[in-house]
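Welcome! Here is a friendly tour of a model, taken one piece at a time. Keep the picture open beside you as you read.

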Amino acid sequence: MILDVVVKRSWNWRVWTGFGVAVLAVVSYIPVFARFPVTRDFPWANLLLFLAAGYLLAAGLRRAFTQKESCRGRVSGPVFAVLSLALLALFAYGTFVAARQLPSGQSALRVGQQAADFTLTAADGTPLTLSQLRQGKRTVLLIFYRGYW
Amino acid sequence: MRSFEQRLPDFAARGVAVVAISVDSPKESLDLSRSQGYTFPLLSDPNAATIRAYGVIHEHGGEEGRDIARPAEFLLDSSGTIRWEHLSESVLARLRPETVLQAIDGMSPPVMR
């Protein structure tokens, strides 16, 4: 007599979690650097999350294909792995390529040159000149920023 | 700029006035100052004339192709001469206030009064 054993294949949580961590790696960029500004210039926290995602996906895929009888994920595994790789590529492109599409600094005023005077409007509507800022022989740090929009 | 707000006392102790410049309108600057608690002046350069004069324009870098400033910093001494500058290589990268403070402390002749 043949005993039919129906083994319910277990849920491959590693590939699902791996993909979840990859999504987290992307969406956490802004909230993380808002709290820890060092992660803004080089997103090491996000890259570490991608590394963790990669590990989980690799482990999940390995199980899906070596333990076919007991473990699921032969479809979801590769799909999530490809999606996660796409997320990594997108993230890396955004932070390392697109964000660096800046004009060359050739035209910027150089150290030793006289700073251009200006009259600009402050947030309260009053005009402010560079000479006013320098009053009292003060040193001035000008921070040019992209704006709030 | 939040980190600069936090280190304002260190800049004040060195006789350095901190001001920020962008193409934002005074109204937008006011909203930003209020929401972030900035106490240093945010100056409005809507036509980017000053931004261009300093050579830090990023053409079509803003929303709807608007010309905006690239992230950059200039330290001017009391005679108005540029003593130190920094241009960010990435729109995401920002200068840390500690870097400027160290540069100020290491300057010869000193920029301090």
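## Two helices side by side

At roughly what angle do the axes of helix 1 and helix 5 of chain A cross? In this predicted model, the axes of helix 1 (residues 13–27) and helix 5 (residues 76–97) of chain A cross at roughly 15 degrees and come within 9 Å. Angles under 35 degrees count as roughly parallel, so helix 1 of chain A and helix 5 of chain A are roughly parallel to each other. Helix 1 of chain A passes helix 5 of chain A in a left-handed crossing.

Which residues make this contact? From helix 1 of chain A come residues including W16(A), F19(A) and V23(A), and from helix 5 of chain A residues including F80(A), L83(A) and L87(A). Sorted by class, the contact of these two helices has twelve nonpolar residues, four polar ones and no charged ones.

Now look at helix 4 (residues 44–66) of chain A, which packs with helix 5 of chain A at an angle of about 165 degrees, their axes 10 Å apart. An angle over 145 degrees counts as roughly antiparallel, and helix 4 of chain A and helix 5 of chain A are therefore roughly antiparallel to each other. This crossing, of helix 4 of chain A past helix 5 of chain A, is left-handed.

Among the residues that meet here are F50(A), L57(A) and L61(A) in helix 4 of chain A, and F80(A), L88(A) and F91(A) in helix 5 of chain A. Nine nonpolar and four polar residues make up this contact of helix 4 with helix 5 of chain A, with no charged residues.

## A sheet built from both chains

An open sheet of seven strands has the order 2(A)-1(A)-2(B)-1(B)-3(A)-5(B)-6(B), with mixed pairing. Its edge strands, each pairing on one side only, are strand 2 (127–129) of chain A and strand 6 (82–87) of chain B. From one strand to the next, the twist averages 30 degrees.

Strand 1 (residues 119–122) of chain A runs antiparallel to strand 2 of chain A, joined to it by three bridges. There, T121(A) has P127(A) as its bridge partner. Strand 1 of chain A also pairs with strand 2 of chain B, in the antiparallel sense over two bridges, and A122(A) stands opposite L43(B). Further along, strand 5 and strand 6 of chain B pair in the antiparallel sense over five bridges, with E73(B) opposite H86(B). These two strands of chain B form a hairpin with five residues between them, and G80(B) in the turn has a positive phi of about 90 degrees.

## Where the chains meet

## How confident is the predictor?

The predictor gives the complex an ipTM of 0.94 and a pTM of 0.84. Chain B averages a pLDDT of 91, and 96% of its residues score at least 70.

Key
Residues are numbered from 1 along each chain as its sequence is written. Chains are lettered from A and ligands numbered from 1 in the order in which they are written. This is a predicted model: local features need pLDDT of at least 70, side-chain atom pairs count only at pLDDT 80 or more; totals for chains, interfaces and linings use all residues. Two strands pair if DSSP finds at least two bridges between them. Helices (H or I, at least four residues) and strands (E, at least two) are DSSP runs, numbered from the N terminus. Axes are lines fitted to C-alpha atoms, for helices over the stretch in contact, and angles run from 0 to 180 degrees between N-to-C directions. Angles under 35 degrees count as roughly parallel, over 145 as roughly antiparallel, 65 to 115 as roughly perpendicular and the rest as oblique. A crossing is left-handed if the near helix is turned anticlockwise from the far one by less than a right angle, and right-handed if clockwise. Two residues are in contact if their C-beta atoms, placed from the backbone, lie within 7 Å. Ala, Val, Leu, Ile, Met, Phe, Trp, Tyr, Cys and Pro count as nonpolar, Asp, Glu, Lys and Arg as charged, and the others, Gly among them, as polar. pLDDT is the predictor's confidence in each residue, from 0 to 100.
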